[in-house]
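Here is a short briefing to read alongside the model. Have the viewer open and follow the topics in order.

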Amino acid sequence: LISSLVTHTHTHTLTCDLNIMNSWSPEALVRKSQEARNQAYCPYSKFRVGAAVLASNGTVFTGCNVENACYTAGLCAERTAISKAVSEGHTSFKAIAIASDLEDRFISPCGACRQFMREFGSQWDVYLSKSDGSYKLMTVEELLPCSFGPEDPRTGENTVDVRSLPLL
Ligand SMILES: [Zn+2]
């Protein structure tokens with residue numbers, strides 16, 4: 001029992017170390033998104049996408065697209081990565097890198113993912129990459145101008161009280 005506990009602790013520590021980038025670079029974050037792309041579950045589109053989001057404390061969370069036989073239940077790589085981060089207690093981000101197999105186009109997040117990013121601020125960085133690792137930097141604000149987020153009045157006190165809505 002003791003030896004299995006020790007092994008587990010060691011493995012856990014190793015995993016954490018690998019996912020913390022004390023001095024990160026866009027290139028390293030793009031590489032992590034490419035590694036995540038290799039895990040893509042996309043039997044329907046065969047379009048592999050990976051994402052790596054860098055939390056403000058230096059922790060990196062990766063995600064891939066996860067498709068489903070019920071197409072609309074599928075999830076994008078970006079939202080997978082961000083959800084993994086949020087579910088582990090991180091809601092402040094520096095950057096996210098996105099990778100695909102496209103050779104001559106920078107992979108661009110869908111509208112739903114842009115809004116999903118926007119929830120956690122509009123002034124953080126998105127690295128759109130090509131398969132060779134080259135990238136284009138845009139901010140969330142540039143990808144989703146005129147957006148609204150949690151600080152918007154309509155999502156705060158002025159929100160309609162759902163209890164006052166007629167039951168469907
Ligand atoms: Zn998306």
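**Briefing: annotated sites and helix packing**

Cys113 touches Cys76, Glu78 and Arg79, leaving out residues up to four places away in sequence; two residues count as in contact if their C-beta atoms, placed from the backbone, lie within 7 Å. Please keep in mind that this is a predicted model, in which local features need pLDDT of at least 70, side-chain atom pairs count only at pLDDT 80 or more, and totals for chains, interfaces and linings use all residues. Residues are numbered from 1 along each chain as its sequence is written.

**The chain as a whole**

- The chain has five helices and five strands, where helices (H or I, at least four residues) and strands (E, at least two) are DSSP runs numbered from the N terminus.
- Among contacts in the chain with a separation of 6 or more, 60% join residues 24 or more positions apart.

**The three annotated cysteines**

- UniProt (unreviewed entry) lists Cys76, Cys110 and Cys113 under "binding site". They are spread over 38 residues of sequence but cluster in space, with a largest C-alpha distance of 8.5 Å.
- A word on the record: UniProt positions are given in the numbering used here, feature names are shortened, and annotations may be inferred rather than shown by experiment.
- Cys76 sits in the loop between β2 and α3, and it counts as buried because it has 21 C-beta neighbours inside 10 Å.
- Setting aside neighbours within four places in sequence, Cys76 is in contact with Val49, Asn65, Cys110 and Cys113.
- Cys113 belongs to helix α4 (residues 111-118). Cys113 is buried too, because 25 C-beta neighbours lie inside 10 Å.

**The other annotated stretch**

- A further "binding site" annotation in UniProt (unreviewed entry) covers Asn65, Val66, Glu67, Asn68, Ala69, Cys70 and Tyr71.
- Asn65 lies in the loop between β2 (60-64) and α3 (77-87), and Ala69 is found in the loop between β2 and α3 as well.
- Is Asn65 buried or exposed? Asn65 is buried, because 24 other C-beta atoms lie within 10 Å.
- Ala69, on the other hand, is exposed, because it has 8 other C-beta atoms within 10 Å.
- Beyond residues up to four places away in sequence, Asn65 touches Ala40, Tyr41, Cys42, Val49, Gly74, Leu75, Cys76 and Ala77.

**Helix α3 and its partner α4**

- The axes of α3 and α4 are 9 Å apart and the helices pack at an angle of about 25°; axes are lines fitted to C-alpha atoms, for helices over the stretch in contact, and angles run from 0 to 180 degrees between N-to-C directions.
- That angle makes α3 roughly parallel to α4, since angles under 35 degrees count as roughly parallel, over 145 as roughly antiparallel, 65 to 115 as roughly perpendicular and the rest as oblique.
- Which residues meet between α3 and α4? Glu78, Arg79 and Ile82 in α3 meet Cys113, Phe116 and Met117 in α4.
- In α3, the buried residues are Ala77, Glu78, Arg79, Thr80, Ala81, Ile82 and Ala85, and the buried residues of α3 pack against α2, β1, β2, β3 and α4.
- After α3 comes Gly89, with a positive phi near 100°.

**Helix α2**

- Helix α2 (residues 26-37) has twelve residues and reaches 16 Å from its first C-alpha to its last, close to the 16 Å expected at 1.5 Å a residue; the expected span is 1.5 Å times one less than the number of residues.
- Buried in α2 are Leu29, Val30, Lys32, Ser33, Gln34, Ala36 and Arg37.
- The buried residues of α2 pack against β1 (49-55), β2, α3, β3 (93-100), β4 (125-129) and β5 (135-139).

**Ser131**

- Ser131 is found in the loop between β4 and β5 and is partly exposed, because 16 other C-beta atoms lie within 10 Å.
- Although Ser131 and Gln34 are 97 residues apart along the chain, their C-alpha atoms are separated by 8.1 Å.

Key. A residue is buried if 20 or more other C-beta atoms lie within 10 Å of its own, exposed if 12 or fewer, and partly exposed in between; C-beta atoms are placed from the backbone.
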